[in-house]
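Here's a quick briefing on one helix and a handful of charged pairs. Have a look at the model first, then read on.

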Amino acid sequence: MKLRTVLAAAMVAAGLVAGSPAFAQEKLTVWWVKGFYKAEDDALFEAIKKYEARHKNVKIELSQYPIQDMIPKTVAALDSGNPPDVAYADVYDFQVTAKWAYDDKLEDISSVIDPLRAKFEPNALSTTFLYDDAAKKRAYYAFPIKQQTMHIQYWKDMLAEAGFKDTDIPKDWKGYWSFWCDKVQPAYRQKSGQRGFGIGQPLGVDSSDSFFSFLTFMDAYNVKLVNDSGKLLVDDPAVKQGLVHALSDYTSVYSKGCSPPSSTSWKDPDNNVAFHNKTTVLTHNATISIAAKWLDDMNNTTLTDAQRAQAKKNYTELIATAAFPNKPDGSKMVYRAAVKTGVVFKAAKNKQRAKEFVAFLLQEENLTPYVEGSLGRWFPVTKAGQQSPFWKNDPHRLVVYNQFMNGTTPFEFTKNYRFTVLNNENVWAKAANRVLNEKVPVDKAVDEMIARIKAVAGAGPQ
């Protein structure tokens, strides 16, 4: 008996029986985008630690990648037949989630979502209710993590130097954009001696900011490109007219010299950089990361006291977060929300544990710290998370809260997955660049855009 015990101990030490049920440890592979802030990653690590403490026989193998690497790496893993069990990236929703669902690559996780449905804000949840063409059905093929919409940020001190105050800013659509372009810009240049621009208008083909911003201008004109079943509406003359108005307004900022010449080739960080450098007085952005950068800096102990003090002044005094002006018809803007989605793959090796982990992560005590760790860049998808004091006790975040509380609408790709292709191509920014760089008339550029939308998104069930 004693000899058997010694032999068993020796075999354990040698790893010879590690595969037996008594010693086996399940592996759950999770790929997750690298956080923008340390607090985001820390909250994710804490949730994983809590899950592993509750499920001592499960080890989560976490791999984190920069946002630009997540889709190429995930696609390569899918192609090789070895995808992670759970995956999340901030850009999946724009570019791949709906297509993966259509192509039967995602596991139906309705069993996870259904018990939690009442906790989610309905519009946010609807983004994950997608169509699988093989199964010929819609179901929850993704899980919602957080969401974003479009905001305005401007420098109060640059506005003041131009001789204006917040109460001078018009609320009507045409008057608003004219104010920054035709009044603030020339006055600021004259009084400061600097070649500042009134507006930082994202126009780059390689920029998701440019299509999110353009589509917001399109929403201002009440343009609907698809109906609820995913059928295109672009043959309606009113839709074309709305697109002409939106593209004309969007490109005129640049053509009038009110946005930096480089903005036609901006990538996503570039409107932020121009704003931080005070090259522009105002920009629009799909998160409040511009303000949040200074919040992060003011609490960054690696910076000098002077740098932290300036960051605090920027965040608390000099930068304003605001909503868009009223629509051209005088009504209030209703914003489109991009809901950030994670997935469990149909080819995953440990789908049962994957669903269990997703359900655990979506619990309020795990999800809310993760979302709030982004310092306001992302808004919650749960009703309780949205009512957290975090959103009410800060002037920047309060603007975001109020925008979402007024109601949001989803992107076209939730109704017709092929719009992910159009977003990847960025037909919106391409049309703008046709107008600005190639001097194509706006109505012709819109005709080309509509033709491309029909070619990509017009066929078959969605």
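Helix H2 covers residues 38-54, 17 residues in all, and runs 25 Å from its first C-alpha to its last. That's close to the 24 Å expected at 1.5 Å a residue, where the expected span is 1.5 Å times one less than the number of residues. Helices here are DSSP runs of H or I with at least four residues, strands are E runs of at least two, and both are numbered from the N terminus.

Keep in mind that this is a predicted model: local features need pLDDT of at least 70, side-chain atom pairs count only at pLDDT 80 or more, and totals for chains, interfaces and linings use all residues. Residues are numbered from 1 along each chain as its sequence is written, and side-chain values use heavy atoms, with hydrogens and water left out.

**Helix H2 and its surroundings**

- The buried residues of H2 are Glu40, Asp41, Ala43, Leu44, Ala47, Ile48, Tyr51 and Glu52; buried means under 20% relative accessible area, exposed means over 50%, and partly exposed is in between (1.4 Å probe, protein chains only).
- On the strand side, these buried residues pack against E1 (26-33), E2 (58-65) and E6 (143-148), with contact meaning heavy atoms within 4.5 Å.
- Their helical partners are H15 (351-361) and H16 (364-372).

**Salt bridges**

- The model has 33 salt bridges, counted when a side-chain nitrogen of Lys or Arg is within 4 Å of a carboxyl oxygen of Asp or Glu.
- Lys267 and Asp206 form one of them, at 3.4 Å from N to O. Lys267 sits in the loop between H11 (237-255) and H12 (270-276), and Asp206 in the loop between E8 (197-200) and H10 (208-220), so this pair ties together parts that are 61 residues apart in sequence.
- Lys267 is partly exposed at 44% relative accessibility, while Asp206 is exposed at 58%.
- Within helix H15, which also packs against the buried residues of H2, Glu356 pairs with Arg353, their closest N and O atoms being 2.8 Å apart. The two are three residues apart in the helix, so about one helical turn separates them.
- Arg353 is buried at 15%, whereas Glu356 is partly exposed at 29%.
- Arg397 and Asp394 meet at 4.0 Å, N to O. Arg397 is buried with a relative accessible area of 8%, and Asp394 is buried at 8% too.
- Arg434, Glu438, Lys444 and Glu448 are joined in a salt-bridge network.
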